[in-house]
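Have the viewer open beside you, and take the points in order.

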There are 4 protein chains.
Amino acid sequence: MMPNPVLERFGRPFRLGLAGGAPPSLIGPVHRTASVMDQRFQLVAGVLSSRPERALTEGRAAGLAEDRCYASVEAMISGEARRPDGIEAVAIITPNDSHARYVRLALEGGLDVMVEKPLCNDLGEALALADLARRTGRAVALTHTYSGYPMIRDMRARIEAGEIGQIRLVQVDYMAGGLATRVEDAPDAARRWRLDPAVSGPSLVLGDIGTHAHHLVGFVTGERLASVSADVGTLMPGRRVHDIAQVRFRLGNGARGRIDACNAAAGASNQVSLTVYGETGHLRWEHRHHGRLVQANLDGDIRIIGSGQPNLTDMAKAATRLMRPGHPEGLQEAVANLYCGLADEMLARRGLAPAAATLTPSIADGVAGLAFVEACLASSAAGGAHVELATHG
Amino acid sequence: MMPNPVLERFGRPFRLGLAGGAPPSLIGPVHRTASVMDQRFQLVAGVLSSRPERALTEGRAAGLAEDRCYASVEAMISGEARRPDGIEAVAIITPNDSHARYVRLALEGGLDVMVEKPLCNDLGEALALADLARRTGRAVALTHTYSGYPMIRDMRARIEAGEIGQIRLVQVDYMAGGLATRVEDAPDAARRWRLDPAVSGPSLVLGDIGTHAHHLVGFVTGERLASVSADVGTLMPGRRVHDIAQVRFRLGNGARGRIDACNAAAGASNQVSLTVYGETGHLRWEHRHHGRLVQANLDGDIRIIGSGQPNLTDMAKAATRLMRPGHPEGLQEAVANLYCGLADEMLARRGLAPAAATLTPSIADGVAGLAFVEACLASSAAGGAHVELATHG
Amino acid sequence: MMPNPVLERFGRPFRLGLAGGAPPSLIGPVHRTASVMDQRFQLVAGVLSSRPERALTEGRAAGLAEDRCYASVEAMISGEARRPDGIEAVAIITPNDSHARYVRLALEGGLDVMVEKPLCNDLGEALALADLARRTGRAVALTHTYSGYPMIRDMRARIEAGEIGQIRLVQVDYMAGGLATRVEDAPDAARRWRLDPAVSGPSLVLGDIGTHAHHLVGFVTGERLASVSADVGTLMPGRRVHDIAQVRFRLGNGARGRIDACNAAAGASNQVSLTVYGETGHLRWEHRHHGRLVQANLDGDIRIIGSGQPNLTDMAKAATRLMRPGHPEGLQEAVANLYCGLADEMLARRGLAPAAATLTPSIADGVAGLAFVEACLASSAAGGAHVELATHG
Amino acid sequence: MMPNPVLERFGRPFRLGLAGGAPPSLIGPVHRTASVMDQRFQLVAGVLSSRPERALTEGRAAGLAEDRCYASVEAMISGEARRPDGIEAVAIITPNDSHARYVRLALEGGLDVMVEKPLCNDLGEALALADLARRTGRAVALTHTYSGYPMIRDMRARIEAGEIGQIRLVQVDYMAGGLATRVEDAPDAARRWRLDPAVSGPSLVLGDIGTHAHHLVGFVTGERLASVSADVGTLMPGRRVHDIAQVRFRLGNGARGRIDACNAAAGASNQVSLTVYGETGHLRWEHRHHGRLVQANLDGDIRIIGSGQPNLTDMAKAATRLMRPGHPEGLQEAVANLYCGLADEMLARRGLAPAAATLTPSIADGVAGLAFVEACLASSAAGGAHVELATHG
């Protein structure tokens, strides 16, 4: 069992409210399970629908008490504020265009926040939120799921330790198949809003999965993207939202890279692969085999480093529940690791733990993601010309 | 989200008490997470140590209220019986030699039971427990973890549907490395009791992992083992407990099979593989890639069937939380599926749901496991002679 | 055994001369083995070095008669022309800058030709050679090795048959590690000429491996590249030749694609991967598992199609010697398939077989390869601007 | 290029005659290609059929001169003996029951021999052949193909070097699917003789593939099988020949092991896997990925050791033509390695090279194989009782 600093220092889990995630959402149940898995949080309130009746039905199905099933985020925040046992944090997993408003409400209500990526749909808005977060002193964590996987953290730790030397080339493919057919003809609820640019933002593919890929590059290499050359568009004829982004980039240290992100890749199953080439070898991770890392060295040796093994880095061990070889964890545990980081941050901000950088993505990562989206769109509009990414904060 | 019949029909999760599982146990945290993951159970009481002080510390670390941290199973059962909100079920994850006593106490206390395999250390005892369970009308579920994996259930459903025709050959390898070194020289708590035959039973390897392999064969083929020819012993020189079992068997339908189970396989990481050959093809599952099933047909086609894909059998879909391709679950979800089955059974026995066979292993599987252990030991003692397995019940 | 139309119709194998390939060349022995493997050719003469003594020693080590070990291509062509049993074809596997001259000599000498890629170092020169070939009526085959693998041909046949529908996206990575270190400091003979741009051509990475990737795209999709946006340069600081090319492209049908080609990828082992996404699924091939093809469909099914299996396409079967499942062939057989195609072409041109398109790359593919190289360099020089590829012939 | 001691010391390749291998034989073309691949042998005579006309047609299709296409082995041996350029060795790839007679004829004719496994169908006969070979001083090599793969040799070298310590457990599965259907109903020529016990021997599965598995165990561990407990029979109802053998064994050093060999495994593609567990780790090889070896260590590290890589053992490098990472060889090269070993032996026996143990299986391995077959059959007849293997020579 991983030690639980929240129980140890705070005496009980933090109380969490949830905005969004009713069926057929995939991430709704994921957040519900992940947030409570390690007893950093207990889920006590929620807004599972804006229709009062459905909010009640779905809230109770999620195990909430009747009087804490709300029909709006505003109602939840004000209602909970009046309770002695009100929520201390909120998880926002609603459609993209509402993120900014709900994060703002939460921060103004004194709550800490977990918000699904992208932080919002607009860089200016993101900067304003970052500013507000700074002023309120509350934490904003971003659900970049992949950074919660132990072996992604192992990759980061090994690169940081210089195991493959100076970074020279990074390759990310994020191939998903959810939009490989004409879903426009009969979208379910989870897809309907994504197909509406007014809701899903200026570039569906970039906001939905491109920012995941972008975050991974920075997370494992420790370098920021300096410039991009991008071609963003659609594979599916007649589609109104982007479903493909082909991006070349340079990192701050001059290394090269590429991101291919696509939601219309027929037959692909949310396949993320990440390869980082350095001076003396490379490291490769694939979502499909998320519990292992491949390290190939100049001498011909290929090492498979596996989850739960004694040769993991401390950073990976700290993110592992089943520290015994051959006992698989999954995506829910990855998200749970992000919640653990948010809880650590909340303890620190309450003076109950020393301040320390957590690995959970923060609002600064959200701002960087939006800057990436905007630079890619600018480059694509300019025929693939190199566009530099501004730095913020 | 999978529908939750417990909340729907019973109005709240069942209340669960836990016996065992303090650090460095691996399965302690697994049971704590798995039992509550789907809100079929809430964990409200526990015996995490027989030393009162440690029972309290570890119980609170597990999120229990102070007055429900007990120092003995007896105390928990009687204490909880006096409460209006007392436990309705108990999970027994203590060392093997205590299983029989605690299961008996639980049944006599009117509780339903989840117990770690092996059910107990002796076939006679197992039969007595089965008899007691029958008389009390309570459910006893057995933690044969692997049968909770969606793709194992997919394999079962496909064999049942005749996708590979009549079964002809079954091969199981369960290779683990935990005893590959002289752990006897400095065992941790989790290994200490396993190395003592008085506690771990007549054959460590057979009780610990051999019964898992045995259960898998029956679970996926729907056939029982009719006879065995076994060679059981030790790979590690000077060891007092068995760490290797090599078993050939025949199924009830005349098919052949083998089980190799070993806890002393250096470099192995709890690697379970299961291949079933039928008339028209074979199915193969490996724990290392637990989210997929390989189906090879006579025409040369090899199909990879993956977790979360639309082409899963209904049986597999019903055991899957993340019904979207490429979103991995893990071992905790497999155990959670077993708890869901126990809860279904508890509903049925309370008249809140129609009686229906669950997929969660039952006390009959526990009895069959002990019969397997005894037959293997008899065969091995007789130089590998064929020994028939008695049928019980 | 594949039927041998050369023995059947011509009565004996064609007589082949070899230019180049002395140690430490890798491809020297490959061509020697591949050309004779199927008895389409017999190797009877060669120029293994320009130094007479070494030409003799290495020639004899390759099994040549003493009087047919020549010290120059000119000498071989004229010497053999004087013999009644002189060579009918020549294989040119010398450094890139000599290809044009030797191909010209061979054509003018009435010989058919197998030449290693790239055809030459300059598009103008390539066009002139194509013109010469047309005038002489001799065949020029190009050693794009990968197109000789049965499973690449299977991919082509399946795409042609519409198994994945209209093509939408193509991804190729060709990652090699031969130049991942400062080989400049102590190059062996095989690397020395590659590091000299005057010999290896305007862009080492594009000529060496980029043209392989380019050819594969056209070979399997049946579409030509219409335009590219490229960034070509060096990963290794201070290197004089290109070792990385990052290319985005559009096919004639509007589909998108990318090629990443790199010879400086530390830890990479000549890893080529090729994925083609269509409307209804995708096909993926990796050199590392060259004997299988992965086909993923919209319904979630993933098929592994394996070499030697009965479910291969006829195109793949015709390129397979070991038509029995699970009997691996290798790279030498792939090159041998190219020689079989050249022999078929030679038979046809001699009126001994009906004219038919072979799958072996031709001089037109060589011209297209050079056009690709030039377009990539032009795009890279223009900051990644889209550059259209001219069509020739 | 591997150095060629035959050309160097003997001045030309040895002259080889071939007995057997006409279509639809798979191994006919394999032997023809493999024997000449490295110019240790040239194929100059053959008996491809016992019908004179077909012997001529098939012989010419195999590239033989008309006057060296014979219709019986006797005729070939006597005919060639009368020529100044007659054969010096013969490859016998005829049905099993003829091996003994042809090996005897060859040895008596002063020829060296390559013979397909099993050496013959009877242990007594095998011992007589070994005696004859000793008296004639000729070499008899056995085509245990798998021992020719570089990575099997790498495994042997690493075990010999102590990389995994003392051997404790060996597991071999040889799963083939050629007899998974009722081939009896319409057998092709290659299967017809196999289905006749008078031709294929006392146990088809053991002679056909069981001896391969048996040889691999000894080849990589350096230990002989001391005893077996076996269950040999049929998976296919009504079959007259064995298609399944399940064998447990002990090695000379006390280690345990198992062999499962089956030709009736539906959907299996000649899948051979071999795992050797030692004190400090294990090594695993699979035919499907024959170019790599997996080494798993106690510390959790898993190494993939790949063909052509610089970290190979010398033993593996010496068996590799394409000594550059990522350039695959295949089965033909494995058999070619066996021919290289036979040629080395022939040089040594002619005083042209120092005597040295080759890695190519010898007649002693053939004898050991027959002893294994007989012991397995004896054990199976005795209900799986342990049967010790006699040692010979």
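How many residues of chain C are in contact with chain A, and how many of chain A with chain C? Please keep in mind while looking that this is a predicted model.

1. **Chain C against chain A.** To take up the opening question: 32 residues of chain C are in contact with 32 residues of chain A. On the chain C side, the elements that give two or more residues are strands: strand 6 (167-175), strand 7 (225-233), strand 8 (244-251), strand 9 (256-262), strand 10 (271-278), strand 11 (281-286) and strand 12 (292-297) of chain C. Strand 9 of chain C brings the largest share, four residues. Sorted by class, this side of chain C holds 12 nonpolar, 13 polar and seven charged residues.

2. **Chain B against chain D.** Now turn to the other pair, where 32 residues of chain B are in contact with 32 residues of chain D. Among the strands of chain B that each supply at least two residues to this side are strand 6 (167-175), strand 7 (225-233) and strand 12 (292-297). Strand 9 of chain B gives the most, with four residues. The chain B side divides into 12 nonpolar, 13 polar and seven charged residues.

3. **Two domains in chain A.** Within chain A you can pick out domain 1 (5-146) and domain 2 (148-325 + 366-381). Their C-alpha centres lie 26 Å apart. Where they meet, 18 residues of domain 1 of chain A are in contact with 24 residues of domain 2 of chain A. On the domain 1 side, helix 5 (96-108) and helix 6 (123-136) of chain A are the elements that give two or more residues, and the largest share, four residues, comes from helix 6 of chain A. This side of domain 1 of chain A has 10 nonpolar, five polar and three charged residues.

4. **A helix pair in chain D.** Finally, have a look at helix 5 (residues 99-108) and helix 6 (residues 123-136) of chain D, which pack at an angle of about 10 degrees with their axes 10 Å apart. Angles under 35 degrees count as roughly parallel, so helix 5 of chain D is roughly parallel to helix 6 of chain D. From helix 5 of chain D come D:Ala100, D:Val103, D:Arg104 and D:Leu107, which meet D:Glu125, D:Leu129, D:Leu132, D:Ala133 and D:Thr136 in helix 6 of chain D. By class, this contact has six nonpolar, one polar and two charged residues.

Definitions and conventions: Residues are numbered from 1 along each chain as its sequence is written. Chains are lettered from A and ligands numbered from 1 in the order in which they are written. This is a predicted model: local features need pLDDT of at least 70, side-chain atom pairs count only at pLDDT 80 or more; totals for chains, interfaces and linings use all residues. Axes are lines fitted to C-alpha atoms, for helices over the stretch in contact, and angles run from 0 to 180 degrees between N-to-C directions. Angles under 35 degrees count as roughly parallel, over 145 as roughly antiparallel, 65 to 115 as roughly perpendicular and the rest as oblique. Two residues are in contact if their C-beta atoms, placed from the backbone, lie within 7 Å. Ala, Val, Leu, Ile, Met, Phe, Trp, Tyr, Cys and Pro count as nonpolar, Asp, Glu, Lys and Arg as charged, and the others, Gly among them, as polar. Domain bounds come from an automatic or database domain assignment.
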